[in-house]
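Try each task before reading its solution.

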Amino acid sequence: MTFEDLLSLGPLFNICGAAVLCMLLVAIWRNHRLIYYVTLVAFALALMSVVPVATLLPHTIAPLVVIDMFALFNSGAIVGSGLIIVLLSYNYFEEREERKEEYYLLLLLATAGALVLVISRHFMSFFLGLEMLSISLYGLIAYLRARQRSDEAGIKYLILAALSSAFLLFGMALVYGFTGHMDFPGIGAYLRQAGTFPLPVIAGFGLMLIGIGFKLGIVPFHMWAPDIYEGAPLPVAAFVATISKGGVLVVLIRFYQDIGGRNYTMLWWILAITSIASMFVGNLLALTQQNIKRMLAYSSIAHLGYLLVAFLSDTQSGLEAIAFYLTAYFPTSIGAFGVLIVMSSSVQDAETVEDYRGLFWRYPWVALVFTVMLLSLAGIPLTAGFIGKFYIVMAGVDGHHWFLLLMLVINSVIGLYYYIRVVAMMFRTTDTSQRIFIKPSLPLAGNITLGLIVMLLVGLGVYPTAMMQLIQQMMTLIK
Amino acid sequence: MVLLYIILIPMFGALLSWLASARSIALCRWIALVSLLCGLLLVTALWAGNAADPTPAGHWMYNWQQPWIPHFGISLHLAMDGLSLVMLALTFFLGALSVLISWREIKYKTGFFHFNLLFVITGIAGVFLTMGLFLFYFFWGVMLIPMYFLIGIWGHERREYAAYKFFIFTQAGGLLMLLAILGLYFIHGANTGVYTFDYFYLLNTPMERAVAQWLMLGFLVAFVVKLPAIPFHTWLPDAHTEAPTAGSVVLAGLLLKTGAYGILRFVLPLFPAASHDFAPWAMLLGVAGILYGGQLAYSQPDLKRLIAYTSVSHMGFVLLGAFAFNELAYKGVVMQMIAHGISTGALFMIAGALYERMHTRELSRMGGLWPAMPAMGTVTMIFVMASLGLPGLGNFVAEFMILLGSWQANHIMTILATIGLVIATVYSLRIMQKVFFGQSERQYALPDLGLREWLIMAPLVVVILWLGVYPQTVLGTITNYELRITTFNKEDAPRAEKRKVVIPVSDSSFVINHAP
């Protein structure tokens, strides 16, 4: 292994090293604060180590991984999001009774899994990354054992994720068995050469799609999402909504590109139908939710549907749109969970819509932050979410997929309704004497983090040009 | 840059007055008032400067542009012509008065109230100034949300229902407009290779007739909801009635005008042929509004609701005149926008003043107030006369011009619309009869107009008289603009679609951003 190899895997090494360190620390001296700082520093270092890699690109470590602009950008996004999640975690866990230290360990491992995913170009590394991610998540989701819904969520995720991994693995086996390749370009080359699509390979792709679809939480593999979001600790839910889905989406993009997915209309149609179904199911089910966690779960299903529209446009601007949308969606989604985190007390999570009634009059700052997050999710101008959605529409127009666009627009309108409902609830005036509200913890670190996220979102919404230029440079996949 | 200041002044006023409210409520009110007066002063200065020195090249007095998101062809583009100028003057005038009118009325969360009020004004000023469709949609939304709060928090009994209805109606219209804007953007991009939201580039977008019709309808729906015209008017009586006085004044005086402005600025110039095809239907909607709105106004037991329905009737004239496609009607429409803003605003203020004194809006519980409040009676009389179109007051000039203009376009519609004037007389006189004449059952004394109310009413009376006696002030300012529309007579409508429009901006720094 050369020095370049080491350097180019910098973020991954940082995170993995920190995981080992944390494990040792837990054995020697259990201290929440210490572990928290170690994790924080590890994420910060990992984020910094993304920068020098840019000089080495593209760098291939055959056959398992490839580090190109695209992978690097997504590594940065994942590590950055992880950093924010860690920042929001400390107080949340400090207030809860269970042992806290292993949470950071698992979070580091899960992030490492996602980092492997974004650089993988081989079934081995793909599966390795995915399992690292999933197995850590089993622990993370059920982390607060004493809670009512925690076990249910953990078991549900365990069973379904294991099942979907099995599907994925079997699909990989079929593809490998008939093409003789496990690396993505090799499979693509074989298919081009053969000219035909043998039935077992189709079946293999189908099975793989089930596995991937489950991780992405797209219709019809979305059933787990609301229960997991509701039962998991809030920072973990934020992790599932962003990093876990983003990592898998990146592999999907790379795989599609490498096997030349655009040549297979059937694949396109399957994904298109999935996309439309995700948008409608997600948005329609979100309409009636009284629990904000569940609402966010359904809305994230819909957002994956929007992302697939850009994905299906199969153009360079589609790729840029995905990158920008993720850049907007990660902080927005984490920020929304962050609001839930700072609003939750040590006794209960602030999760129902009713908890937020008249919030503006009691805690104007938190209400404003939440409003920005929701408006960004809804795609209202001057927030990052709007630019992201606009970018997707541009990509769709580039690909001439008018029907998909129409579906997207209709869904944006539906989505608007339930986001605005929560916003309206926060501004409603109430007779405060009659109701008992949750006493929020409002930790300082959490509030500062939220402030930074708001600045980022509004900044991206008002002046997106700098980020767009960066993305335009970064969105080159290795051929 | 001066155009940017016009938008920034109320915006900073909004923030400052909210911050100041933590210290002192009076300070917050003063900041709001002073910032709006500053805006009014600025606009008046521009007006006066322009009257002395009529711009030689084109009718765009000011133009300011900054690239914003060049990747999508979005720029900050503000420009002002006579129409914008007149509307801005109205905006700041009524805005300042509505701060004054809520001086005593609003005691609950005063800081946030003024923040919202000034933010609505910011949005409206933005709508009247912006020449980028993206920015236009943004300001359209900016107007909406603070207005929702104004109604929903400080309104009367059924405020939440009214606020929600208002929001849903206008937002649905706005989204259709967004779709149409995006459609126009992409069609322009596909046909010319230039992706831009800039108004002046989109003006001569080549497109098929059917497409143009759909896009035109998208825009029109948003504006017609706001206006409001007949099938979409149901939000209006609720919103106007439940809103606090300042909210009603801003709604009736300004927000409705953004709909009319949108038709004049966007629907007609962007889709000349399509709107010409649609003109008979639009005029029919207008006439239906005039007659039906007037009839509903007559039968209302609630004073604010009555005044609200008169808006439906008066705005019918706007629709009628805008789609008559001639200069006379066009000028009449602008006059109607101004005169209606003043007269209906004043009537709402009077209704608010009555409510403050008697805590009722029911006409049946009023009556015989003239002996108690002769001054208020006189002022009311003036605005009631304005509303029914008495010569010598602003509304007469407006309606007369619209009818003269629309006669050239469509005889039957004009005849029907004229009947509306009779209805207007009936419902307007009913206000006087029910409120100020008849028997008084009250035992207690009612205070007449106070100093603050005089300060509010006097300028309104002066302006409405001025508009009636010397309308040239307004007509002269807007005179340049409509020449572009009047070229579309029936004969050359098809040709007009392909005509070359010279971008009417003398500024050479007019740069467009090409999307790659």
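## Exercise 1: Chain A as a whole

Chain A has 20 helices and two strands. Keep in mind that this is a predicted model.

**Task.** Work out how compact chain A is, given its radius of gyration and the globule rule.

**Solution.** Start with the radius of gyration of chain A, which is 21 Å. Next, take the globule rule, which gives 23 Å for 479 residues. The two values are close, so chain A is as compact as a globular protein of that length. For the outline, the C-alpha atoms fill a box of roughly 75 × 55 × 40 Å along the principal axes. Then look at burial: 58% of the 479 residues of chain A count as buried. Finally, take the contacts between residues at least 6 apart in sequence: 80% of them join residues at least 24 apart.

## Exercise 2: A helix pair

**Task.** Describe how α5 and α11 of chain A pack: at what angle do they cross, and with which handedness?

**Solution.** First, locate the helices: α5 covers residues 101–119 of chain A, and α11 covers residues 234–258. Their axes come within 7 Å and cross at roughly 25 degrees. Angles under 35 degrees count as roughly parallel, and therefore α5(A) and α11(A) are roughly parallel to each other. As for handedness, the crossing is left-handed. Now pick out the residues that touch. From α5(A) come A:A110, A:T111, A:A114, A:L117 and A:V118, while α11(A) brings A:F239, A:I243, A:S244, A:G247, A:V248, A:V250 and A:V251. Sort them by type and you get nine nonpolar, three polar and no charged.

## Exercise 3: Where the chains touch

**Task.** How many residues does each chain put into the contact between A and B, and what kind are those of chain A?

**Solution.** Count by chain: 12 residues come from chain A and 13 residues from chain B. On the chain A side, α17 (384–398), α18 (402–427) and α20 (465–474) each supply at least two residues. By type, the chain A side splits into 10 nonpolar, two polar and no charged.

Key: Residues are numbered from 1 along each chain as its sequence is written. Chains are lettered from A and ligands numbered from 1 in the order in which they are written. This is a predicted model: local features need pLDDT of at least 70, side-chain atom pairs count only at pLDDT 80 or more; totals for chains, interfaces and linings use all residues. Two residues are in contact if their C-beta atoms, placed from the backbone, lie within 7 Å. Helices (H or I, at least four residues) and strands (E, at least two) are DSSP runs, numbered from the N terminus. Ala, Val, Leu, Ile, Met, Phe, Trp, Tyr, Cys and Pro count as nonpolar, Asp, Glu, Lys and Arg as charged, and the others, Gly among them, as polar. Axes are lines fitted to C-alpha atoms, for helices over the stretch in contact, and angles run from 0 to 180 degrees between N-to-C directions. Angles under 35 degrees count as roughly parallel, over 145 as roughly antiparallel, 65 to 115 as roughly perpendicular and the rest as oblique. A crossing is left-handed if the near helix is turned anticlockwise from the far one by less than a right angle, and right-handed if clockwise. The radius of gyration is taken over C-alpha atoms; the globule rule is 2.2 Å times the number of residues to the power 0.38. A residue is buried if 20 or more other C-beta atoms lie within 10 Å of its own, exposed if 12 or fewer, and partly exposed in between; C-beta atoms are placed from the backbone.
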